[in-house]
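Subject: Structure for your review

Dear colleague,

Please find below the structure I promised to hand over. I would be grateful if you would read the notes that follow with the model open beside them.

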Amino acid sequence: MKKILVACEESQEITKAFRKLGFEAYSCDLLPASGGYPEWHIQGDVLEAIDSQKWDLMIAFPPCTHLAVSGARHFEQKRKDGRQKQAIDFFMKMINAPIKYIAVENPVGIMSTHYRKPDQCIHPYYFGDEYSKKTCLWLKNLEPLKHYPPGAQLTIGDETPKVTHVDKGEFITFSSGKRMAKWYNEAGGKNGGHLRSKTFPGIAKAIAQQFSRQIEDKI
């Protein structure tokens, strides 16, 4: 049975999606699991978990607080005090982990220049959830996730016409003219970063289904 590590995940959305498909998947985070399955959770240092056993695939969500462009106004101070370098180093430890198949997720941020451009950028509405949140994926020995906007099957030659895109969800416009997804704005506050970072069900399902199919075909 293939073993999957979901690094820096306490919500267990992706872990549960892999488990539904019959894979031995474990979430790992410094925080306890909030997804309801503590027996599938490794609470502790993810770097130790990586080295503790052989994993076939890792999906990683390294902290983005010091990397995302949404916090660019604080970058100068974070560079000075070393927080940004620590975040960059941790991200690179995820992508360079001794695991054959890896997907690393982060929002739009500095890793596109400090490492390389992501292999793809996705939104929740690409996979059935009516929300907008641009998310980047850096892939190692994996192909980008497939998704289908209206009419896409006509151009990519898909034999089974289908559409996975839904409405982008509501937006609000500030007096400055800046637009933001309504859900993202409402998720602000004390626990805002935690709520905004959770994986949407449609993306979790797509990751589990498509990446597991890829490694089954290759291993």
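The notes below set out what was found, beginning with the chain as a whole.

This is a predicted model, in which local features need pLDDT of at least 70 and side-chain atom pairs count only at pLDDT 80 or more, while totals for chains, interfaces and linings use all residues. Residues are numbered from 1 along each chain as its sequence is written, and side-chain values use heavy atoms, with hydrogens and water left out.

Of its 219 residues, 46% are buried, a term meaning under 20% relative accessible area with a 1.4 Å probe, counting protein chains only. Where contacts link residues at least 6 apart in sequence, 57% join residues at least 24 apart; a contact means heavy atoms within 4.5 Å.

The largest nonpolar core has 54 residues, of which F18, L57, M58, I59 and F211 touch the most other members. Helix α9 (residues 201-218) gives the most to this core, with 7 residues. Such a core is a set of buried Ala, Val, Leu, Ile, Met, Phe, Trp, Tyr and Cys residues joined through side-chain atoms within 4.5 Å. Beyond its neighbours within four places in sequence, I59 is in contact with several residues, including F18, A103, I207 and F211.

Strand β5 (residues 101-107) has 6 of its 7 residues buried. Strand β4 (residues 57-60) runs parallel to β5, with 4 bridges joining them, and Y101 in β5 is the bridge partner of L57. Strand β7 (residues 135-140) is antiparallel to β5 and joined to it by 6 bridges; here V104 is partnered by W138. Strands are taken to pair if DSSP finds at least two bridges between them.

In helix α1 (residues 13-20), the buried residues are I14, T15, A17 and F18. Seen down the axis of α1, they fall within an arc of 160°, so they line one face of the helix; the arc is that of the directions from the helix axis to the C-beta atoms. After α1 comes G22, whose phi is positive, near 95°.

Finally, D56 lies in the loop between α2 (46-52) and β4. D56 counts as buried because its relative accessibility is 14%. Its side chain reaches the backbone nitrogen of K3 at 2.8 Å.

Yours sincerely

Technical notes: Buried means under 20% relative accessible area, exposed over 50%, partly exposed in between (1.4 Å probe, protein chains only). Helices (H or I, at least four residues) and strands (E, at least two) are DSSP runs, numbered from the N terminus. A polar contact is a pair of N or O atoms within 3.5 Å; within protein, one must be able to donate a hydrogen and the other to accept it, and residues adjacent in sequence count only if both atoms are side-chain atoms.
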